[in-house]
Amino acid sequence: MIRVLIVDDDKLVRKGLASAMPWKEFGMEVIGEANNGENALKFMEESKVDLLITDLSMPVMSGIELMRIVRQQYPHVQIVVLTLHQDFEYVQEALRLGAIDYIAKVQLEREQFEEVLGRIKTLMEQKEGSKASSAPEEEAEQADEWFVLYALNPMNEDSKSSTSAEYALPDHAIEAEAGIWYWSGSPSVSYLPDPNAALVCFQHLSGIDRKSVLQLIRGYKKSDLFYDFDPTESVLFVNAAELPHREKADRSFGVDQIKGKWLSADWIYEASVFESMMQELKGYKMPPIRLARIFFSLSDEWNRLYQQILTEPILIEDFFSSWFRFEEWLTDVRDRISSANTKPLFSKEIQNSIVKAMNLAQMNISEPIAAADIAQQVNMSSSYFSQCFKQYVGQTYSDYVRDIRMERAKEYLRNTTKTIQWIAEQIGYNDEKYFSRLFREQVGVLPSEFRQLSEGRTK
């Protein structure tokens with residue numbers, strides 16, 4: 001039986017259609033009515049609908065708005081629009097949104113009801129019919145577990161069709177939204193571990209309605225999949241009943257707090273510190289895009305801090321598909337820095353103190369710390385600190401501070417329109433002329449000339 005919902009703000013029209021048309025002769029039954037799109041959606045949350053007959057012009061939510069939502073949330077539902085002659089543009093829009101037919105209200109009395117329903121029934125059959133199209137949804141709703149395939153790469157204009165073609169999806173797989181497909185039963189094919197896609201089996205779904213399950217699998221991608229996914233496993237099993245009781249993400253962190261910890265050197269030399277900091281970071285469960293932004297900024301700082309010892313700059317990906325991939329990248333960064341920092345002449349404690357001094361110099365560039373003061377902060381005598389710093393870094397502490405000041409000045413000159421005086425103050429020089437003279441000695445041109453040359457290269 002084809003289950004019909006009639007939506008119109010005119011009660012007489014609704015009652016007239018429901019009572020006058022020979023629904024049963026065409027295997028149809030009117031199971032409900034609604035006076036606007038919003039109430040129609042509420043009805044569809046509780047009851048299965050195969051055919052939606054809706055007016056276009058209604059208060060609260062129009063028929064066009066209703067159609068857009070139904071096409072997304074209930075793709076198996078067929079739609080017929082009710083309209084007046086003057087609603088031609090709306091009819092065209094409705095047909096573009098997937099309506100299979102329209103009924104002109106003024107013709108209802110003149111046109112045979114049998115012809116109207118017969119035409120609709122034929123069109124529904126041509127669209128594979130409501131029973132055929134809704135079978136996968138009904139089968140999935142009755143199942144205790146769903147298999148869900150998530151495409152992990154960022155979506156672009158062409159990815160919806162090209163991504164679906166990359167995977168051997170079962171014939172009865174249903175697309176929940178771009179990049180997410182689900183089905184009940186076994187995977188039907190043997191999926192190999194793939195770093196660009198996650199196959200998740202959601203278990204213990206009995207008693208949960210289809211809409212709630214769809215919300216669950218969409219929400220899982222936003223909040224948990226990034227942190228749960230392991231590309232070495234072909235299938236990730238998730239107990240749906242436990243998801244609502246999972247420990248909530250820790251939102252008590254501050255970005256400056258995170259950056260401060262990862263700009264220290266402890267995590268580079270101590271494996272236990274690195275592991276602890278990784279677990280803490282994972283516990284925040286911050287959105288992947290925010291995580292990438294924070295470490296994009298940190299990678300810039302690391303490149304400044306370790307530019308003297310790194311053979312190549314640290315690069316970060318625009319997008320991490322999973323925590324697993326992010327952890328791989330950060331572990332590689334740690335290995336590169338620690339390997340480049342290995343100086344047989346120095347103990348790890350001395351290496352850690354020198355790197356900490358370099359970090360403090362970077363962070364306090366506008367008010368640089370004298371060598372004696374920084375030696376005290378890293379628990380070394382002034383003379384021994386100066387000796388170790390020069391041997392470790394390859395230049396004296398004062399030369400190192402001067403060089404990082406000049407590099408920061410170059411960045412300001414390239415990327416801002418701030419005055420020379422402002423730039424000088426940002427890197428610890430109150431005298432613009434003194435800064436300009438030092439800059440020319442180091443770079444070969446005045447700051448103003450450097451800016452002009454940089455602008456010329458970008459044009």
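View 1. Strand S6 (residues 146-151) and strand S8 (residues 180-184) are paired in the antiparallel sense over 5 bridges, two strands being taken as paired if DSSP finds at least two bridges between them. They belong to an open sheet of 5 strands with mixed pairing, in the order S7-S8-S6-S9-S10. At the edges are strand S7 (174-177) and strand S10 (236-239), each of which pairs on one side only. From one strand to the next the twist averages 30°, with axes fitted as lines to C-alpha atoms, for helices over the stretch in contact, and angles running from 0 to 180 degrees between N-to-C directions. Residues are numbered from 1 along each chain as its sequence is written, side-chain values use heavy atoms, with hydrogens and water left out. Because the model is predicted, local features need pLDDT of at least 70 and side-chain atom pairs count only at pLDDT 80 or more, whereas totals for chains, interfaces and linings use all residues.

**View 2. Helix H8 on the sheet, with the Phe202 and Tyr220 pair.** Helix H8 (residues 210-223) packs on the sheet and touches S6, S7, S8, strand S9 (197-203) and S10, its direction making about 35° with that of S6; contact here means heavy atoms within 4.5 Å. Phe202 and Tyr220 form an edge-to-face aromatic pair, at 5.3 Å centre to centre and with 85° between the planes. Rings of Phe, Tyr and Trp (its six-membered ring) pair if their centres lie within 6.5 Å, and planes under 30 degrees apart count as stacked, over 60 as edge-to-face and the rest as tilted. The pair links distant parts of the chain, with Phe202 in strand S9 and Tyr220 in helix H8, 18 residues apart. Phe202 is buried because its relative accessible area is 0%, and Tyr220 likewise counts as buried because its relative accessibility is 1%, given that buried means under 20% relative accessible area, exposed over 50% and partly exposed in between (1.4 Å probe, protein chains only).

View 3. Tyr429 and Tyr434 form an edge-to-face aromatic pair, 5.9 Å centre to centre with 70° between the planes. Tyr429 is buried, at a relative accessible area of 7%, whereas Tyr434 is partly exposed, at 37%. Arg405 lies over the face of Tyr429, at 4.1 Å from the ring centre, a charge being counted as over a ring if NZ of Lys or CZ of Arg is within 6 Å of the ring centre and within 35 degrees of the ring normal.

**View 4. Arg451 and Lys418.** Arg451 lies in helix H21 (residues 447-458) and counts as buried because its relative accessibility is 14%. Not counting residues up to four places away in sequence, Arg451 touches Tyr412, Leu413, Thr416, Thr417, Lys418 and Ile423. The charged end of Lys418, in turn, sits over the ring of Trp422, 5.2 Å from its centre.

**View 5. Trp262 in the largest nonpolar core.** The largest nonpolar core has 71 residues, and those with the most contacts inside it are Trp262, Phe295 and Trp302; such a core is a set of buried Ala, Val, Leu, Ile, Met, Phe, Trp, Tyr and Cys residues joined through side-chain atoms within 4.5 Å. Helix H18 (residues 397-415) gives the most to this core, with 8 residues. Leaving aside neighbours within four places in sequence, the contacts of Trp262 include Trp267, Phe274, Met277 and Leu330. One aromatic cluster has among its members Trp262, Trp267, Phe274, Phe295 and Trp302. A second, separate core of 23 residues includes Val148, Ile174, Ile180 and Phe229.

**View 6. Two sites away in sequence from their spatial partners.** Ala372 lies in helix H16 (residues 371-377) and counts as partly exposed because its relative accessibility is 43%. The C-alpha atoms of Ala372 and Ser382 are 5.1 Å apart in space, and the two residues are 10 residues apart in sequence. Asp318 lies in the loop between helix H13 (288-305) and helix H14 (323-341), and at 75% relative accessibility it counts as exposed. A distance of 8.9 Å separates the C-alpha atoms of Asp318 and Ile289, which are 29 residues apart along the chain.

Terms used
Helix = DSSP H or I, 4+ residues; strand = E, 2+ residues; numbered from the N terminus.
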